[in-house]
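Morning, everyone. I have one structure to walk through today. Please take a look at it before I start.

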Amino acid sequence: DESAWFVEFYAPWCGHCKTLAPEWAELATNLKGEVKVAKVDATENKESAGKFGVSGYPTIKFFPGGKKDDSSAVDYSGPRTASAMAEWAR
C-alpha cells in the first residue's frame, strides 16, 4: 500500500494509551481519505514493535506515502491532540 499511514503502537494496560484513544479515533475521522490511521497492539505484535524500535507506549510512527521499508518510519513526538497530529500529518 503506497498510502501514508499514521500508526500507534500501544499496550492494552497502558494508561497514556487509554487517554490517547479518543484523540486517535478523532484523528482517523479528521484524516479520512488523506492518511490511513491504525493501531497496533505491541504486546500481541512484538516482532513489528521490535522492528520499529518501540520501547514505550504509546509510540506513534508516521509512514510517508510511496514505497515503504523499515527505515521509512518517522517518529511523531508532537502534541497528542487530534488537531495537532492531523496538521502534522498533512
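I'll go through the nonpolar cores, then one threonine, then the cysteines.

Keep in mind that this is a predicted model.

Start with the largest nonpolar core. It has 15 residues. Which of them touch the most other members? Phe-6, Trp-24, Leu-27, Leu-31, Val-35, Ile-60 and Met-85. At least two residues each come from helix 1, residues 15–30, from strand 3, and from helix 3, residues 82–89. Helix 3 gives the largest share, with five residues.

Now look at Trp-24. Leaving out residues up to four places away in sequence, what does Trp-24 touch? The list is Phe-6, Val-7, Glu-8, Val-37, Ala-38, Lys-39, Ile-60 and Met-85.

Next, Thr-59. This residue sits in strand 3, which covers 59–63. Is Thr-59 buried or exposed? Its relative accessibility is 14%, and the cut-off for buried is under 20%, so Thr-59 counts as buried. Its side chain reaches the backbone oxygen of Gly-56, at 2.5 Å. Setting aside residues up to four places away in sequence, Thr-59 touches Val-7, Glu-8, Phe-9 and Val-54.

Last, the cysteines. Cys-14 has 5% relative accessibility, so Cys-14 is buried. Cys-17 is buried too, with a relative accessible area of 4%.

Conventions: Residues are numbered from 1 along each chain as its sequence is written. This is a predicted model: local features need pLDDT of at least 70, side-chain atom pairs count only at pLDDT 80 or more; totals for chains, interfaces and linings use all residues. Side-chain values use heavy atoms; hydrogens and water are left out. Helices (H or I, at least four residues) and strands (E, at least two) are DSSP runs, numbered from the N terminus. Buried means under 20% relative accessible area, exposed over 50%, partly exposed in between (1.4 Å probe, protein chains only). A polar contact is a pair of N or O atoms within 3.5 Å; within protein, one must be able to donate a hydrogen and the other to accept it, and residues adjacent in sequence count only if both atoms are side-chain atoms. Contact means heavy atoms within 4.5 Å. A nonpolar core is a set of buried Ala, Val, Leu, Ile, Met, Phe, Trp, Tyr and Cys residues joined through side-chain atoms within 4.5 Å.
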